[in-house]
Amino acid sequence: MYIPSINRMTSNSDIRSFIERFSFGTIVTTAPDGLPVATQLPFLVKQEQDALVLISHFAKANPQWKQIENNAQVLVLFQEPHAYISPFHYEKELNVPTWNYISVHVYGKGSLITEQEAVFQILDETVAHYEAAYKTRYDQLPQDFKFKMSQGIVAFKIRATDIQAKQKLSQNKTTAEQEKIIQTLVQSPDSSERYIAEYMQKNQQSV
């Protein structure tokens, strides 16, 4: 990913926090014919020793799972939120529209998770992460039903070997211009634009 130095995210905790918050990512692998293949999936994030680890599962009917261990590198993209930025926010007329966004690319080595108890644990953790209120009811589902459902998925994990993270948040603009952008976005009915305002404010505070 092209990342100007002013836009590079370097904080591991900030990167992990972003992935956890916007965890519906796109996994990209390469098929035997050389063509790229992509699927959108929810990911859990863990830290194993010195590496970030992403955990998820495919529907077994999706043949992409067969590429997880066959690819030397797997790529997962996390690409939200984003917002259009109007040149009306700038002090000089000689400006053009642009886009503010945050994007994290995780490269890593994938491996399948086949042990049944480990698969159950991943499903338990996924439910707890995305809907804690449902977890009690989920725990009461018959074990044979859970087993049958688990047979329809293929769980896997990706151990990160490289993480490229970018936050384009008008860092090259003046403080006054940034404030005008924030004030516009924070009032937007679009939640993605409000998130960008939030991250712009956080970035200002960290400078």
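This is a predicted model: local features need pLDDT of at least 70, side-chain atom pairs count only at pLDDT 80 or more; totals for chains, interfaces and linings use all residues.

User: Is threonine 29 buried or exposed?

Analyst: Burial is read from relative accessible area, and buried means under 20%. Threonine 29 comes out at 2%, so it's buried.

User: Which residues does threonine 29 touch, leaving out those up to four places away in sequence?

Analyst: Leu35, Pro36, Val37, Gln64, Gln67, Ile68, Asn71 and Val74. With Gln67 there's also a polar contact, side chain to side chain, at 2.4 Å.

User: How does glutamine 47 compare: buried, partly exposed or exposed?

Analyst: Glutamine 47, in strand 3 (residues 44–48), has a relative accessible area of 43%, so it's partly exposed. Not counting residues up to four places away in sequence, it touches Arg16 and Leu52. A polar atom of the glutamine 47 side chain also lies 3.5 Å from the backbone oxygen of alanine 51.

User: And what about the largest nonpolar core: how many residues does it have?

Analyst: The general idea is that nonpolar side chains tend to be buried together in soluble globular proteins. Here the largest core has 34 residues, and Ile19, Ile27, Leu54 and Phe78 have the most contacts inside it. Elements giving two or more residues to this core include helix 1 (12–21), strand 4 (51–59) and helix 6 (191–206). Another core lies apart from it, with eleven residues, among them Val53, Val119, Val127 and Tyr138.

User: What does leucine 54 touch?

Analyst: Beyond four places in sequence, its contacts include Ile19, Phe43, Val76, Phe78, Val106 and Phe156.

Key: Residues are numbered from 1 along each chain as its sequence is written. Side-chain values use heavy atoms; hydrogens and water are left out. A nonpolar core is a set of buried Ala, Val, Leu, Ile, Met, Phe, Trp, Tyr and Cys residues joined through side-chain atoms within 4.5 Å. Buried means under 20% relative accessible area, exposed over 50%, partly exposed in between (1.4 Å probe, protein chains only). Helices (H or I, at least four residues) and strands (E, at least two) are DSSP runs, numbered from the N terminus. Contact means heavy atoms within 4.5 Å. A polar contact is a pair of N or O atoms within 3.5 Å; within protein, one must be able to donate a hydrogen and the other to accept it, and residues adjacent in sequence count only if both atoms are side-chain atoms.
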